[in-house]
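Subject: Structure handover

Hi,

Here is the structure I promised to pass on. Have a look at it first, and then read my notes below.

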Amino acid sequence: MVFRRTVLSVARSDRLRSLVSGSGVTRGVVNRFVAGEDADSVVAAVRDLTGRGLLASIDHLGEDTLHPEQATGVTRGYVRLLERLAEEGLTPAAEVSVKPTAVGLGLGAEGESLAAANIARICAAARDAGTTVTVDMEAEDAVPATLRIVNGLRGDFPWLGCVLQSYLRRTEGDLAAMARPGARIRLCKGAYAPDPGSAHTDRRDVDAAYVRALRRLMTGPALPMVATHDPRLIEIAGTLAALAHRSTEEFEYQMLYGVRPDEQLRLVDLGARVRVYVPYGRDWYGYLARRLAERPANLAFAARSLVSR
Ligand code: FDA
C-alpha cells in the first residue's frame, strides 16, 4: 500500500506526465498494457482474444475530462465503438467499461447528472449492439455518486454492471445493497490510494475482505465477475463457485490486458468464462501509472525499457 501510494503520488507530477507522454520512451511498456490508440487497434486485439475463446470489456481511456464537450466526445467515441463491434460481429463477446469521470462526473455540481446522461447513451448503444456495459469504480470520493448513477440506470438497463473494491471498508455494505437479482458485480481489490481511515491498508486485510465479498457474491443472486490475477483468490473463487453449485456460465474471471495471459488461457481450457479488460486510446498515462504502482515487477519492466533505449 505504501509502495502504491508513493508511485501514484509521484505519477501525479505534471512534469513527469509530460516527460513520459511526450517522449515515446515508454512505447514497449504502453504496448504491453494498452491495446493501441485507435478503434482499429482495439478491434484487432479483441478479435485476437475472442479467437482464443476469451471475452472482452473495452475501456476507452480518459479520466481527465475538464469540459462537458470532452465528456460528450468520449461518449460519442463509445457509441461509435459499440456500432463498430456489432458490425464486426464481436458482440456480445465484447462489452465496454466506462469511467464516470471520463464522461463528466468530475465537472462540478452538474457532473453527476451529466455523467448519468452520458452513461445512459452508452447503455442505449450497447443494448442496440446486443451487449452490456460495466461502470468502473474510481477514487473513493467518486464512489457514492457512481453507485447512485448505476442504481438510477438499472431500471432501464438491468444488466448494467458495477465495480466494488475490497480495500474499501464500505464495500461490505455496498455489496449487500447492490448484489440484487440480475445485477453484474465486478469485484476487484482497488487500484487508487484511498484514505487509510476508510480503507484496509494491509494486503492481508484487503485479501480477506475480498474473500468475504466473494463468498457473499457466490451465494447471492448477482453475477459475480472475479477481477483479479491473484492465484490464491482465483482458486478460492473456483471452490466457492463449486460449493454454491454455480455452473461455468454463472460467474466469470476477469483480468487485465497483458497481465497473466497464460493464466487467462488456462482457465478457458478448463471451460471457464474469462473476460479480458482491454484499454485503448491516447490518454493512457493514468491507467499505466496504476499498473506500475500495483507491482514492483511492472515498475522494473518499465525501468528496463528506459535504460535499454
Ligand atoms: P495483486 O496485484 O495484489 O497481485 C496478487 C498476486 O497476483 C501477485 O502476488 C501475483 O502472484 C499475481 N500477479 C499479479 N499481477 C501479476 C503479473 N503481472 N504477472 C504475474 N502474476 C501477477 N481497480 C479499481 O480500483 N477500479 C476498477 O474499476 C478496476 N477495474 C478492474 C477490472 C479488471 C477486469 C481487473 C482485473 C482489475 C481492475 N482493477 C480496478 C484493478 C484492481 O483493483 C487491482 O489493482 C489489480 O487487479 C491488481 O490486483 P490483483 O487482484 O490482480 O492482485
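How many helices and strands does the protein have? There are 13 helices and eight strands, where helices (H or I, at least four residues) and strands (E, at least two) are DSSP runs, numbered from the N terminus.

Two housekeeping points. Residues are numbered from 1 along each chain as its sequence is written. This is a predicted model, where local features need pLDDT of at least 70, side-chain atom pairs count only at pLDDT 80 or more, and totals for chains, interfaces and linings use all residues.

Some overall numbers: of the 309 residues in the protein, 43% are buried. Here, buried stands for 20 or more other C-beta atoms within 10 Å of a residue's own, exposed for 12 or fewer, and partly exposed for anything in between, with C-beta atoms placed from the backbone. Among contacts with a separation of 6 or more, 72% join residues 24 or more positions apart. A contact needs the two C-beta atoms, placed from the backbone, to lie within 7 Å.

Now the ligand. A shell of 23 residues surrounds the ligand, and the closest are Asp136, Cys188, Ala191, Thr228 and His229. β7 gives the most, with three residues. By class, the shell has 11 nonpolar, five polar and seven charged residues. For these classes, Ala, Val, Leu, Ile, Met, Phe, Trp, Tyr, Cys and Pro are nonpolar, Asp, Glu, Lys and Arg are charged, and the others, Gly among them, are polar.

Next, the helix packing. Two packed helices are described by the angle between their axes and the distance between the axes. The axes are lines fitted to C-alpha atoms, for helices over the stretch in contact, and angles run from 0 to 180 degrees between N-to-C directions.

Take α5 (residues 68-87) and α6 (residues 111-129): their axes come within 9 Å and cross at roughly 10 degrees. That makes α5 roughly parallel to α6; the cut-offs are under 35 degrees for roughly parallel, over 145 for roughly antiparallel, 65 to 115 for roughly perpendicular, and oblique for the rest. On the α5 side the contact includes Pro68, Ala71 and Thr75, and on the α6 side it includes Leu114, Asn118 and Arg121. This contact has 12 nonpolar, two polar and two charged residues.

While you're in α5, look at Val74, which is found in that helix. Is Val74 buried or exposed? Val74 is buried, because 24 other C-beta atoms lie within 10 Å. Leaving aside neighbours within four places in sequence, Val74 is in contact with His60, Gly62, Thr65, Ala102 and Val103. Val74 and Gly104 are 30 residues apart in sequence, and their C-alpha atoms are 9.4 Å apart in space.

α6 also packs against α7 (residues 143-154), at an angle of about 45 degrees and with the axes 10 Å apart. The two are therefore oblique to each other. Glu112, Ala115, Ala116, Ile119, Ala120 and Cys123 in α6 meet Ala145, Ile149, Gly152 and Leu153 in α7. That contact has eight nonpolar, one polar and one charged residues.

Further along, α8 (residues 171-178) and α9 (residues 203-219) pack at about 15 degrees, with their axes 11 Å apart. So α8 and α9 are roughly parallel to each other. Thr171, Glu172 and Leu175 in α8 meet Ala209, Arg212, Ala213, Arg216 and Leu217 in α9. By class, this contact has four nonpolar, one polar and three charged residues.

Last, a few backbone details. The peptide bond from Thr91 to Pro92 is cis, with omega near 5 degrees, and Pro92 lies in the loop between α5 and β2 (94-98). His245, in the loop between α10 (231-243) and β7, is a residue other than glycine with a positive phi, near 55 degrees. His245 counts as exposed because it has 9 C-beta neighbours inside 10 Å. Arg260 has a positive phi too, near 50 degrees, and is found in the loop between β7 and α11 (261-269). With 16 C-beta neighbours inside 10 Å, Arg260 counts as partly exposed.

Cheers

Definitions and conventions
A residue is near a molecule or strand if its C-beta atom, placed from the backbone, lies within 6 Å of it.
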